[in-house]
Amino acid sequence: MQAIETELPEVVILAPKVFGDERGFFMESFNRRAFEAATGCRREFVQDNHSRSRGGVLRGIHYQLEQTQGKLVRVTHGRVFDVAVDLRRASPRFGQWTGVELSGDNHRQLWVPEGFGHAFLVLSEQADFLYKATDFYHPASERSIRFDDPQIGIVWPEAQAAEMALSDKDRAAPLLADAEVFE
């Protein structure tokens with residue numbers, strides 16, 4: 001597994017070794033030792049999630065404040081633009097973001113540690129998005145920030161904000177300046 005740095009040092013792109021031939025391919029989608037070597041993090045993953053979304057769907061920016069989650073995310077079918085935002089107020093990179101395309105073809109994964117918000121935009125007609133979480137989903141801990149917050153300034157590809165499909169909750173999310181974040 002190859003680790004690729006992003007603009008946010010704690011957020012790491014992981015490129016697994018993929019062995020392919022005319023029959024298809026094989027890869028390890030998760031190996032604890034390889035994950036620890038690539039990220040420098042030792043984590044126990046307790047929950048796997050799978051979502052399917054149509055093109056233009058934007059999910060996020062989500063995070064859990066009290067019961068924090070680190071997420072190892074990947075796409076098995078389709079393409080997404082995946083984003084992590086540093087939400088640690090004491091961090092010198094507070095409010096900064098990084099984005100990467102994840103797809104069923106490039107097999108890349110993104111490690112989004114605790115203290116970061118997460119969002120993705122579906123670029124293909126449909127996408128299957130999988131993620132491993134370091135803690136269980138806890139609705140009372142869930143928070144979100146507006147996807148188009150000018151203070152963060154995420155540059156979303158291939159879609160205008162008016163054309164994105166968002167949940168009512170995501171559309172009504174507060175701006176970073178008004179949100180509860182990590183100290």
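Trainee: How many cavities of 30 Å³ or more are counted here?

Mentor: This is a predicted model, in which local features need pLDDT of at least 70 and side-chain atom pairs count only at pLDDT 80 or more, while totals for chains, interfaces and linings use all residues. On a 1 Å grid over the protein atoms alone, a cavity is a set of points where a 1.4 Å probe fits but cannot get out. By this rule, the count of cavities of 30 Å³ or more comes to 1.

Trainee: About how much space lies in the largest cavity?

Mentor: Grid points are joined across faces, edges and corners, and a volume is the space filled by probe spheres set on the points. For the largest cavity this space is about 60 Å³.

Trainee: Which strand gives the most to the lining of the largest cavity?

Mentor: Lining residues have an atom within 4 Å of a point; among them here are H62, Y63, Q64, K71 and F182. Strands are DSSP runs of E with at least two residues, and helices are runs of H or I with at least four, both numbered from the N terminus. Strand 6 and strand 11 (116–122) each supply at least two lining residues. The most, 3 residues, come from strand 6.

Trainee: Which residue has its backbone oxygen 2.6 Å from the side chain of Q64?

Mentor: A polar contact is a pair of N or O atoms within 3.5 Å; within protein, one must be able to donate a hydrogen and the other to accept it, and residues adjacent in sequence count only if both atoms are side-chain atoms. The backbone oxygen reached at 2.6 Å belongs to Q67.

Trainee: Which peptide bond ending at I61 is cis?

Mentor: I61, like Q64, is in strand 6. The cis bond has omega near 15° and runs from G60 to I61.

Trainee: Which strand gives the largest share of the lining of the largest pocket?

Mentor: A pocket is an open set of points with protein on both sides within 12 Å along at least five of seven lines, and the largest one holds about 370 Å³ of space. It is lined by 22 residues, of which R59, H62, K71, Y131 and E142 lie nearest its centre. Strand 5, strand 6, strand 11, strand 12 and helix 2 (168–171) each give two or more residues to this lining. The largest share, 6 residues, comes from strand 6.

Trainee: Which strands stand at the edges of the open sheet of 6 strands?

Mentor: Two strands pair if DSSP finds at least two bridges between them. The order of the sheet is 1-2-10-7-12-5, with antiparallel pairing. Each edge strand has a single partner, so one side of it lacks a neighbour in the sheet; these are strand 1 (2–5) and strand 5 (47–54).

Trainee: What is the bridge partner of S51 in strand 12?

Mentor: Strand 5 and strand 12 (residues 126–133) run antiparallel and are joined by 8 bridges. In strand 12, S51 is bridged to F129.

Trainee: At about what angle does helix 1 run to strand 2?

Mentor: Axes are lines fitted to C-alpha atoms, for helices over the stretch in contact (heavy atoms within 4.5 Å). Angles run from 0 to 180 degrees between N-to-C directions. Helix 1 (residues 32–39) lies across several strands, including strand 2 (12–15), and its angle to strand 2 is about 140°.

Trainee: How far apart are the C-alpha atoms of F81 and L102?

Mentor: F81 is in strand 8 (residues 79–86) and is buried, with a relative accessible area of 12%. Beyond four places in sequence, F81 touches residues including W97, G99 and F120. F81 and L102 are 21 residues apart along the chain, and their C-alpha atoms are separated by 6.4 Å.

Technical notes
Residues are numbered from 1 along each chain as its sequence is written. Side-chain values use heavy atoms; hydrogens and water are left out. Buried means under 20% relative accessible area, exposed over 50%, partly exposed in between (1.4 Å probe, protein chains only).
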